[in-house]
Amino acid sequence: MELLGRIAVVTGSSSGIGRAVALELARAGADVLIHARESWEAAEETARSVAALGRQATVVLADLARHGDQDALVEAAYQWRGEVDAWVNNAGADVLTGDGAGWGFEQKLEAVWQVDVTATMRLTRAIGERMKTRGHGAIINIGWDQATQGMAGDSGELFAASKGAIMAFSKSAALSLAPQVRVNCVAPGWVKTAWGEQASEAWQKRAVRESQLGRWGSPEDVARAARFLASPESSFLTGQVINVNGGFRPR
């Protein structure tokens, strides 16, 4: 229970990696603010799961493509409990499943840049300044393990650019906010979220082949890394990008 009594916020926590992170932080003792863009029922289900672990939870809806909603989320978090100890910027635009999968490159780029990059930067800066004034805090951003080496295709270009930007920004934010606030980044590899569940046989084989451990990662694998970075156990880590990918194996 290394986070007992701490307050955490996880954006995009109604499903997938975000939900797993919220539950893992609750297992560590944190009370958790659950965020979603519009999936109230799914967010409430995550909140109920947090409560079942003996922790408190609240739900806030916000469209992180909008600056006003980003600012409102920050205010809602501090109105809830008066402080925030750990903030996880997990939310990202879904351009791989649902309606987003059918968008053109330009529309996908705009959505990903607004939510994945701009929102992460603005929220990190806003929360970071409050944490710095208070004297401590941990911020965790989400990158991508292949951003530094590239991957062919529209999705590779989109996510290499956006997640690479987040990874680089996190290192600079860590310098700006030190020593009071730690900023780190988790870079997942092939993690079986909604897209992975429906991916073709070729992608299934590629994901396994490119992991030295020979399997897909799970949202829980990423969540355990986030828990470590949010906890006092990682008190001497900041400005780091930690790959959670089973050991990438180049083709």
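The exercises below work through a predicted model, each with a task and a stepwise solution.

In this predicted model, local features need pLDDT of at least 70 and side-chain atom pairs count only at pLDDT 80 or more, while totals for chains, interfaces and linings use all residues. Residues are numbered from 1 along each chain as its sequence is written, and side-chain values use heavy atoms, with hydrogens and water left out.

**Exercise 1. Helix 8**

Task: Work out how many residues of helix 8 are buried, and which elements these buried residues pack against.

Solution. Begin with the extent of the element: helix 8 covers residues 219–230, where helices (H or I, at least four residues) and strands (E, at least two) are DSSP runs numbered from the N terminus. Its 12 residues reach 16 Å from the first C-alpha to the last, close to the 16 Å expected at 1.5 Å a residue, the expected span being 1.5 Å times one less than the number of residues.

Next, apply the burial classes (buried means under 20% relative accessible area, exposed over 50%, partly exposed in between, with a 1.4 Å probe and protein chains only). Helix 8 is mostly covered, with 9 of its 12 residues buried, including Val222, Ala226 and Leu229.

Finally, look at the partners, which are helix 1 (16–27), strand 4 (86–89), strand 5, strand 6 (181–188) and strand 7 (241–244).

**Exercise 2. Salt bridges**

Task: State how many salt bridges the model has, and find which parts of the chain are tied together by arginine 81 and aspartate 31.

Solution. A salt bridge here is a side-chain nitrogen of Lys or Arg within 4 Å of a carboxyl oxygen of Asp or Glu, and by this rule the count comes to 16. In the pair of arginine 81 and aspartate 31, the closest N and O atoms are 2.7 Å apart. Arginine 81 lies in helix 3 (residues 67–81) and aspartate 31 in strand 2 (residues 31–36), so the pair ties together parts that are 50 residues apart in sequence. Arginine 81 is partly exposed at 33% relative accessibility, whereas aspartate 31 is buried at 5%.

A further pair joins arginine 134 to glutamate 83, with the closest N and O atoms 3.0 Å apart. This pair links distant parts of the chain, since arginine 134 is in helix 4 and glutamate 83 in the loop between helix 3 and strand 4, 51 residues apart.

The side chains of arginine 215 and aspartate 221 also meet in a salt bridge (3.0 Å, N to O). Salt bridges that share partners join Glu2, Glu24, Arg27 and Arg227 into one network.

**Exercise 3. The largest cavity**

Task: Find which elements each supply at least two residues of the lining of the largest cavity.

Solution. On a 1 Å grid over the protein atoms alone, a cavity is a set of points where a 1.4 Å probe fits but cannot get out, and lining residues have an atom within 4 Å of a point. The count comes to 1 cavity of 30 Å³ or more. Its lining residues include Asn89, Asp116, Ile142 and Lys163.

**Exercise 4. A cis peptide bond**

Task: Identify which residues a cis peptide bond joins.

Solution. The bond lies between alanine 178 and proline 179, with omega about 0 degrees. Proline 179 is found in the loop between helix 5 and strand 6.

Conventions: On a 1 Å grid over the protein atoms alone, a cavity is a set of points where a 1.4 Å probe fits but cannot get out, and a pocket is an open set with protein on both sides within 12 Å along at least five of seven lines; lining residues have an atom within 4 Å of a point. Grid points are joined across faces, edges and corners, and a volume is the space filled by probe spheres set on the points. Contact means heavy atoms within 4.5 Å.
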